[in-house]
Amino acid sequence: MREKARTLPVGRCYINPDWKERGLAQAIVTRQRPGGNLVTASFTIDPLCRGVIEAGCRVSVSPDEFAGTIAPTDALAAPAETTYNEIHNLIYGSIEFAHEAGLNPAAGFALARFALEEDSDSIPVIEYEFGINGRHTLIMRPPENYDAVIKTLRHNLGDRFDTIDPTATTLSDPTDEKSRCHPTEPYSYTPPPYPRRLHVRNRFISDALLRKGNFTGLSDRTIRRILSINAPELAADIADIILFEIGRTRNEIEDSVLDDTDEATLIHALLFLSQIDCPQATEAILEIMRQSNSFLEFHLADSASLLTPALCAAAKSDPAPIERFLYERGRLSHQRNLATKALVCIADAVPRRRRTVIAIFRRLLRSLPDRLPKTDGCDADFAGYLIDAIVSLHASELLPDVESLFATGLVNHAICGSPESVAEKLREPRKPAKKSPPHPSAPDIFEFNRHLKQLCAEE
């Protein structure tokens, strides 16, 4: 039936008329079957952030039965008739906007989309505004759990999104600046001079990592050859390559001169560093984390999470550089989050470092009440990330300091949860520690490269 649905004439279409005010749309598209029954497809659309969040399709509904489904709900006004083009543009525009944040349409869309026309130039374009002031804005409507969505937003957007708690903020005017939860620390960074020439001992490594076209992945033979180099020497060479690549591309990225790339130097560099003991590369990894969102998007995009296992492998013998980084002013909270995750990773990988990591977190917790009001090397998002890391570590001894931080009213609860839920998690009995591999959370480098090849082949 799905192959035939698009051959049927489009019937009446409906949408709740208050969708712009609500930030939520319930759209219905019908198609007329030859016998008089209808094909109906319904779509719940979040145009502010998530795109199509629910979708369903029925292939044979009587007109009387369908009429009984057109009714208001507790959250939305009764659907009103509208044009197909309006619904088409709203659906596909919201999907495109959600894709920018790494969010895909609901699973039901795979079938329900066959009730829609192909998204082609034959559909007249209607311009809608998605998000609020161009930013992805997640409205957290109870009782739904938004933890997974927020993690995806943080991974893909860093701190470039907002959240609204409807129990604390009215939705009558979603453009009201008061809907922003907390101020964000402005990003700023004056970089050091970067090397203009490579000083690697093993030229074949730089040839492989800097080669144009290596976004399709490296061969197993090349990976084995690189990993055969002793770890300190390999780490030093890769650190030099990282700093060279930052210096080679940074200014052009910031000036929007570089639009695309077919090499993945930093992705491959982080992959290799996550596989070895590499203290010689700690500062080079942190230098990546000091760069702007545009730089990180250009070089890493969806692979930014590789920074955590690489930093864990580099700093597990000495986490002090990570602590210093977490006090630096003008950094991205999303990158600070990856650094706190690396500290948790270190505590898991090296149990004797757990006390060291907890001491780092305690110092941060006690410093934040004075620094948060001035966004002095921190902001409410970072406070939330820090608490989330402490929960992951299950550091119950830090609960009094966590509660003091919550008491400032300057913690983004959307990131870490409410004070009550955090306290409940930290008071739960800690599970016995499992023996961790030497490089926890590090991806399989061979599998990762095969995945790159597969992706490029599909494109």
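**Reading the model**

Guide: Among contacts in the protein between residues at least 6 apart in sequence, 75% join residues at least 24 apart, where contact means heavy atoms within 4.5 Å. This is a predicted model, in which local features need pLDDT of at least 70, side-chain atom pairs count only at pLDDT 80 or more, and totals for chains, interfaces and linings use all residues. Residues are numbered from 1 along each chain as its sequence is written, and side-chain values use heavy atoms, with hydrogens and water left out.

Visitor: How many helices and strands are there in the protein?
Guide: The protein has 21 helices and 7 strands. Helices (H or I, at least four residues) and strands (E, at least two) are DSSP runs, numbered from the N terminus.

Visitor: What percentage of the residues of the protein count as buried?
Guide: Buried means under 20% relative accessible area, exposed over 50%, and partly exposed in between (1.4 Å probe, protein chains only). Of the 459 residues, 51% count as buried.

Visitor: In what order do the strands of the open sheet come?
Guide: Strands of a sheet pair through backbone hydrogen bonds, either parallel or antiparallel. Two strands count as paired if DSSP finds at least two bridges between them. Here 5 strands form an open sheet in the order E4-E3-E2-E1-E5, with antiparallel pairing. Strand E4 (51–61) and strand E5 (80–82) are the edge strands, and each pairs on one side only. On average, neighbouring strands of this sheet are turned by 25° against each other, direction ignored.

Visitor: Which helix packs on the sheet?
Guide: Helix H4 (residues 84–100) does, touching E1, E2, strand E3 (38–46), E4 and E5. The direction of H4 makes about 140° with that of E4. Axes are lines fitted to C-alpha atoms, for helices over the stretch in contact, and angles run from 0 to 180 degrees between N-to-C directions.

Visitor: Which residues stand opposite each other in the sheet?
Guide: Take the strand pairs in turn. Strand E1 (residues 10–15) and strand E2 (residues 25–32) are joined in the antiparallel sense over 4 bridges, and tyrosine 14 has isoleucine 28 in E2 as its bridge partner. E2 and E3 run antiparallel, joined by 8 bridges, with arginine 31 opposite valine 39 in E3. The hairpin of E2 and E3 has 5 residues between the strands, and glycine 36 there takes a positive phi near 110°. E3 and E4 also pair in the antiparallel sense, over 8 bridges. Threonine 40 stands opposite arginine 58 in E4, and the hairpin of E3 and E4 has 4 residues between the strands.

Visitor: How many of the residues of E3 are buried?
Guide: E3 is mostly covered, with 8 of its 9 residues buried.

Visitor: Which way do the residues of strand E7 point?
Guide: In a regular strand the side chains alternate between the two faces of the sheet. In strand E7 (residues 161–164), Phe161 and Thr163 point one way, Asp162 and Ile164 point the other way, and all are buried. Strand E6 (residues 136–139) runs parallel to E7, and 4 bridges join them. Isoleucine 139 is opposite isoleucine 164 in E7.

Visitor: At what angle do helices H16 and H18 pack?
Guide: Two packed helices are described by the angle between their axes and the distance between the axes. Helix H16 (residues 354–371) and helix H18 (residues 399–406) pack at about 25°, with axes 9 Å apart. H16 and H18 are therefore roughly parallel to each other; angles under 35 degrees count as roughly parallel, over 145 as roughly antiparallel, 65 to 115 as roughly perpendicular and the rest as oblique. Their crossing is left-handed, a term used if the near helix is turned anticlockwise from the far one by less than a right angle, and right-handed is used if clockwise. Arg362, Leu365, Arg366, Leu368 and Pro369 in H16 meet Asp401, Val402 and Leu405 in H18.

Visitor: How many disulfides does the count come to?
Guide: A disulfide is a covalent bond between the sulfur atoms of two cysteines. With a disulfide taken as a pair of cysteine sulfur atoms within 2.5 Å, the count comes to 0. The sulfur of cysteine 278 is 9.3 Å from the closest cysteine sulfur, in cysteine 312, which is too far for a bond. Cysteine 278 counts as buried, at 0% relative accessibility.
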